[in-house]
Amino acid sequence: MTPDTIRTVIGIIGNGTALMLYLSPVPTFYSIWKKKTVEQYSAVPYLATVLNCMIWLLYGLPVVQPHSMLIITINGIGLTIELTYIALFLAYSVGAARRRVLLILVAEVSFVAAFAALVLNLTHTHVLRSMVVGILCVVVGTGMYAAPLSVMKMVIQTKSVEYMPLFLSLASLASGTCWTAYALIEFDIYITIPSGLGVVFALGQVILYAIYYKSTQQILEARTRKGKADQIPMTEVVVDGKIDNPTGSGAGSGHY
């Protein structure tokens, strides 16, 4: 089996793991849809992924980096999925949070459109175009994988992984590992750097999950007990300092 064939196979597996990564927030957004609120979930990882997909789509274009169909397909699918998440986030967030997400999204689209126009008009070879776009891919890709650091900080502060889904972390770890291997077979530094960093950050999330899983269960159990304690059973009615049983004799004997 030739290196090109191995690379293609790993790229296909990478596409599969990346698709898992893009679909991993589905339970989160199902919960948001069901509760009609975004609660404490952050839109930052999804906005970062939207920007990342758009930049990698540009990188994979034949006029920039020929023979990169695997990059185009998975990032095109990913962009569609992430925009769906953002639409749900906008639908169920309110006030300043909604405006902030919308403004960031508009800014991202405008930036990528302007950047693409400049690259395609000012650079005229595949090598130069792929280098310019590739450098931006490294910066944005690193930002995408680093975006969950804000969530990791919250996990450490609250000692709870309630808002850091494990499946998302595992999918990110699998995807980063595959794309790092893909980039190393025919060395592509622009894919290697962000994918390698993605492996490191995802591994950190998994470690945090292992550390704080038990404390999270304790927090959730305490919250459940508190919720039950707050539900006072209405089996007795106190009227004018006397206790009347609504179902027993003498009901209604108190003074109003």
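Modeller: Rings of Phe, Tyr and Trp (its six-membered ring) pair if their centres lie within 6.5 Å. Planes under 30 degrees apart count as stacked, over 60 as edge-to-face, and the rest as tilted. Keep in mind that this is a predicted model.

Biologist: How many aromatic pairs does that rule give?

Modeller: The count comes to 9 aromatic pairs. Take Y59 and Y190: the ring centres are 6.3 Å apart and the planes sit at 70 degrees, so this pair is edge-to-face. Y59 lies in helix 3 and Y190 in helix 9 (residues 189-230), so the pair ties together parts that are 131 residues apart in sequence.

Biologist: Are Y59 and Y190 buried or exposed?

Modeller: Both Y59 and Y190 are buried.

Biologist: Which residues form an aromatic cluster?

Modeller: F29, Y46 and Y85 form one.

Biologist: Let's zoom out. What elements does the chain have?

Modeller: It has 9 helices and 2 strands. Reading from the N terminus, the order is α-α-α-α-α-α-α-α-α-β-β.

Biologist: And how much of the chain is buried?

Modeller: Buried residues make up 41% of the 256 residues. The chain exposes about 14,300 Å², and carbon and sulfur atoms supply 70% of that.

Biologist: What share of the contacts comes from residues 24 or more positions apart?

Modeller: Counting contacts with a separation of 6 or more, 74% are between residues 24 or more positions apart.

Biologist: Helix 1 next. What is its span from first C-alpha to last?

Modeller: Helix 1 covers residues 3-23, which is 21 residues. It reaches 30 Å, close to the 30 Å expected at 1.5 Å a residue.

Biologist: Which residues of helix 1 are buried?

Modeller: R7, I10, G11, G14, N15, T17, A18, L21 and Y22. An α-helix has 3.6 residues a turn, so residues three or four places apart point the same way.

Biologist: What covers the buried residues of helix 1?

Modeller: The cover includes helix 3, helix 4 (69-92) and helix 8 (166-185).

Biologist: How does helix 8 look, then?

Modeller: Helix 8 has 20 residues. It reaches 29 Å from first C-alpha to last, close to the 28 Å expected at 1.5 Å a residue. Its buried residues are S169, A171, S172, S175, G176, C178, W179, T180, Y182 and A183.

Biologist: Which residues form the nonpolar patch on the surface?

Modeller: M1, I6, V9, I13 and I185, with about 460 Å² of accessible area together. Helix 1 gives the largest share of the patch, 3 residues.

Biologist: Where does I185 sit?

Modeller: I185 is in helix 8. At a relative accessible area of 32%, I185 is partly exposed.

Biologist: Back to helix 3. Is N52 buried or exposed?

Modeller: N52 is in helix 3, residues 44-60. N52 is buried, because its relative accessible area is 5% and the cut-off is under 20%.

Biologist: What is N52 in contact with, apart from its neighbours within four places in sequence?

Modeller: N75, V140, G141 and M144.

Biologist: And M54, buried or exposed?

Modeller: M54 is in helix 3 too. Its relative accessibility is 13%, so M54 counts as buried.

Biologist: Which residues does M54 contact, leaving aside neighbours within four places in sequence?

Modeller: L79, E108, V109 and V112. As for M54 and G78, they are 24 residues apart in sequence and 9.4 Å apart in space, C-alpha to C-alpha.

Biologist: How far apart are I135 and I191?

Modeller: They are 56 residues apart in sequence and 9.8 Å apart in space, C-alpha to C-alpha. I135 lies in helix 6 (residues 126-146). I135 is partly exposed, with a relative accessible area of 46%.

Biologist: Last topic, charges. How many salt bridges are there?

Modeller: Side chains of opposite charge can pair when their charged atoms come close. The count here is 1 salt bridge. K35 forms it with E39, and the closest N and O atoms are 3.4 Å apart.

Biologist: How exposed are K35 and E39?

Modeller: K35 is partly exposed, with a relative accessible area of 49%. E39 is partly exposed as well, at 34%.

How values were computed:
Residues numbered from 1 in each chain as written. Predicted model: local features only at pLDDT ≥ 70, side-chain atom pairs only at ≥ 80, totals over all residues. Heavy atoms only, no water. Helix = DSSP H or I, 4+ residues; strand = E, 2+ residues; numbered from the N terminus. Buried < 20%, exposed > 50% of the residue type's maximum accessible area, 1.4 Å probe, protein only. Contact = heavy atoms within 4.5 Å. Areas by Shrake-Rupley, 256 points an atom, 1.4 Å probe, with all protein chains shown as cover. Expected span 1.5 Å × (residues − 1). Patch = residues over 30% accessible without salt bridge, like charges linked within 9 Å, V, L, I, M, F, W, Y side chains within 5 Å. Salt bridge = Lys/Arg side-chain N within 4 Å of Asp/Glu carboxyl O.
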